[in-house]
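Thank you all for coming.

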Amino acid sequence: MTDVRNLLAALDTFDGHWQPHRVASLNDADVKVVKVLGEFVWHTHPETDELFLVLDGELTIDLRDGGAERAIVLGPHDLFVVPRGVEHRPRAAGEAAAVRVAPQGPGAAGGAGGRRRWGRR
């Protein structure tokens with residue numbers, strides 16, 4: 001890709017939640033915009049970190065690490081990297097929009113089953 005991409009314009013091209021849309025690729029990672037609402041499944045990424053950058057709304061990332069749980073609350077323009085191997089669950093009480101950077105490949109939530117999986121676009 002050699003064109004400039006506007007993230008807000010990319011978000012305007014779809015309505016679904018938990019269905020990231022790729023806007024760029026960087027080395028072996030995809031840069032995707034996603035709309036979120038409700039809870040995703042608890043999952044881990046054993047081999048990679050995962051980056052979230054909130055564009056609009058509020059996104060909470062619940063973490064379980066070493067037996068402890070904590071919630072990271074992100075607002076517009078906040079960025080957080082979930083370290084590899086840390087169990088986490090993104091959630092949003094109201095609609096939020098974010099950028100997600102993760103390795104290219106299937107959109108499965110770290111192999112997690114359950115009712116939600118990252119969509120693939």
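Predicted model: local features only at pLDDT ≥ 70, side-chain atom pairs only at ≥ 80, totals over all residues.

Leaving aside its neighbours within four places in sequence, which residues is Val82 in contact with? Taking contact as heavy atoms within 4.5 Å, and with those neighbours set aside, Val82 touches Asp49, Glu50, Phe52, Ile61, Leu63 and His88.

Residues are numbered from 1 along each chain as its sequence is written, and side-chain values use heavy atoms, with hydrogens and water left out.

Let me turn to the interior. By a nonpolar core I mean a set of buried Ala, Val, Leu, Ile, Met, Phe, Trp, Tyr and Cys residues joined through side-chain atoms within 4.5 Å, where buried is under 20% relative accessible area, exposed is over 50%, and partly exposed lies in between, using a 1.4 Å probe and protein chains only. The largest such core has 18 residues, and those touching the most other members are Val36, Leu59, Ile61, Leu63, Leu74, Phe80 and Val82. Two or more residues of this core come from each of β2 (29-39), β3 (50-56), β4 (59-65), β5 (68-74), β6 (79-82) and β7 (87-103), the strands here being DSSP runs of E with at least two residues, numbered from the N terminus. A second, separate core is made of ten residues, including Phe14, Leu55, Ala97 and Val99.

Next, the strand pairing, for which DSSP must find at least two bridges between two strands. Strand β1 (residues 21-26) runs antiparallel to β2, with five bridges between them, and Ser25 stands opposite Asp30 of β2. Two residues separate the strands of this hairpin, and Asn27 adopts a positive phi near 55 degrees. β4 and β5 are likewise paired in the antiparallel sense, over seven bridges, with Leu63 opposite Arg70 in β5. Their hairpin has two residues between the strands, and Gly66 in the turn has a positive phi of about 60 degrees.

That brings me to the charged side chains. With a salt bridge defined as a side-chain nitrogen of Lys or Arg within 4 Å of a carboxyl oxygen of Asp or Glu, the structure holds seven of them. One joins Arg91 and Asp62, at 2.5 Å from N to O; because Arg91 lies in strand β7 and Asp62 in strand β4, this pair ties together parts that are 29 residues apart in sequence. Asp62 counts as buried, at 5% relative accessibility, whereas Arg91 is partly exposed at 28%. Both residues belong to a network of salt bridges that links Glu39, Asp62, Arg89 and Arg91.

Where else does a salt bridge form, and what does Arg64 meet? The side chain of Arg64 meets that of Glu69 at 3.2 Å, N to O, and it also meets Glu87, at 3.3 Å, N to O. The latter pair links distant parts of the chain, with Glu87 in strand β7 and Arg64 in strand β4, 23 residues apart. Glu69 is exposed, at 56% relative accessible area, while Arg64 is partly exposed at 31%. The charged end of Arg64 also sits over the ring of Trp42, 3.7 Å from its centre, the criterion being NZ of Lys or CZ of Arg within 6 Å of the ring centre and within 35 degrees of the ring normal. By that criterion, the charged end of Lys35 sits over the ring of Phe14, 5.0 Å from its centre.

Technical notes: Helix = DSSP H or I, 4+ residues; strand = E, 2+ residues; numbered from the N terminus.
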